[in-house]
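Try each task before you read its solution.

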Amino acid sequence: MGQVITITSGKGGVGKSTAAANISTAIAEADKKVVAIDFDIGLRNLDMILGLENRIVYDSIDVMEGRVRLNQALINDKRVKSLFFLPASQTRDKSVLESKKVEALIGELKRSFEYVIIDSPAGIESGFEHAVYLADIALIVTTPEVSAVRDADRVIGIIDAKSKKAKEGGEVVKKLIINRIKPDMIKKGQMLSPEDVLQILAIDLIGLVPDDELVVVATNTGEVVIRNPKSESGGAYRRIAKRILGEEVAFASLETSKGIGGFIKGLFK
Ligand SMILES: Nc1ncnc2c1ncn2[C@@H]1O[C@H](COP(=O)(O)OP(=O)(O)OP(=O)(O)O)[C@@H](O)[C@H]1O
Ligand SMILES: [Mg+2]
């Protein structure tokens with residue numbers, strides 16, 4: 001049975017879909033069978049970041065409502081054979097997701113894929129709840145801004161309250177991605193440092209991703225940023241994928257960040 005990894009956040013626009021696209025691709029490139037699912041009903045954009053928007057015919061709601069079979073809606077990435085994508089519906093009705101149907105769909109995907117990666121919508125409404133309900137692992141994305149960190153803190157609590165695992169006496173594994181880090185601002189004391197964020201949220205870190213304009217270039221050209229060898233954020237997403245696959249990839253020491261250049265250089269190792 002495959003593992004369900006939900007990529008979520010409290011605040012919107014912190015980089016969930018970008019992380020979902022890059023991590024899904026990087027895991028698939030390691031020859032694992034991966035499906036990325038967009039749960040952002042009405043506002044889908046994982047398709048664009050994956051460069052697959054022109055290939056959408058059916059979506060997850062068509063599958064859940066029995067109009068088409070799963071195989072008809074799944075899109076196979078031509079560049080990475082083991083990567084599949086299931087689009088979100090563009091319907092305006094966000095209440096269209098029903099727990100039983102979502103569970104049946106995810107159950108079917110878990111039987112055929114090693115990793116089921118769910119891109120969650122922002123906020124804590126129904127789409128978010130469906131996206132975290134069946135998670136084995138939740139990757140919580142935040143930027144180093146006070147408002148985003150505060151919202152991440154709320155979401156961490158809600159994941160445990162709402163997940164099926166927790167209701168059955170288990171626990172969702174929760175890992176933190178700190179995105180859009182600007183070393184210069186940290187150095188000047190103008191931005192929360194990674195250890196500031198970790199101290200507040202007190203969950204395990206799985207990735208530090210720098211602010212990187214190549215992310216925007218990649219999205220605009222329909223390529224994921226991990227394909228750009230010059231991109232530091234691409235390297236960071238690849239390391240996150242390795243950690244998910246169980247590889248030990250060391251982080252730079254976070255203890256000495258107070259304006260020490262060596263730390264700043266090593267930050268994204
Ligand atoms: N590391 C980064 N460096 C620079 N820009 C980034 C980075 N990560 C994400 N972005 C940009 O931030 C914006 C929001 O990213 P994205 O759509 O992935 O966020 P999201 O959390 O999925 O948003 P939403 O909550 O609306 O679903 C995009 O324009 C994206 O290109
Ligand atoms: Mg998104």
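This is a predicted model: local features need pLDDT of at least 70, side-chain atom pairs count only at pLDDT 80 or more; totals for chains, interfaces and linings use all residues.

Residues are numbered from 1 along each chain as its sequence is written, while chains are lettered from A and ligands numbered from 1 in the order in which they are written.

**Exercise 1.** Find which residues come nearest to ligand 1.

*Solution.* Start with the shell, meaning residues whose C-beta atom, placed from the backbone, lies within 6 Å of the ligand. Of its 20 residues, Gly12, Gly15, Ser17, Thr18 and Ala122 come nearest. Next, look for the elements that give two or more residues: α1 (16-29), β7 (173-181) and α11 (213-220). Here helices (H or I, at least four residues) and strands (E, at least two) are DSSP runs, numbered from the N terminus.

**Exercise 2.** Work out how many residues of α1 are buried.

*Solution.* Count a residue as buried if 20 or more other C-beta atoms, placed from the backbone, lie within 10 Å of its own. By that test, 13 of the 14 residues of α1 are buried. Then step past the helix: Asp31 follows, with a positive phi near 70°.

**Exercise 3.** Determine how many of the eight residues of α6 are buried, and name them.

*Solution.* Apply the burial test to residues 126-133: six pass. They are Gly127, Phe128, His130, Ala131, Val132 and Tyr133. Finally, trace their packing partners (C-beta atoms, placed from the backbone, within 7 Å); among them are β1 (3-8), α5 (99-112) and β5 (115-119).

How values were computed. A residue is buried if 20 or more other C-beta atoms lie within 10 Å of its own, exposed if 12 or fewer, and partly exposed in between; C-beta atoms are placed from the backbone. Two residues are in contact if their C-beta atoms, placed from the backbone, lie within 7 Å.
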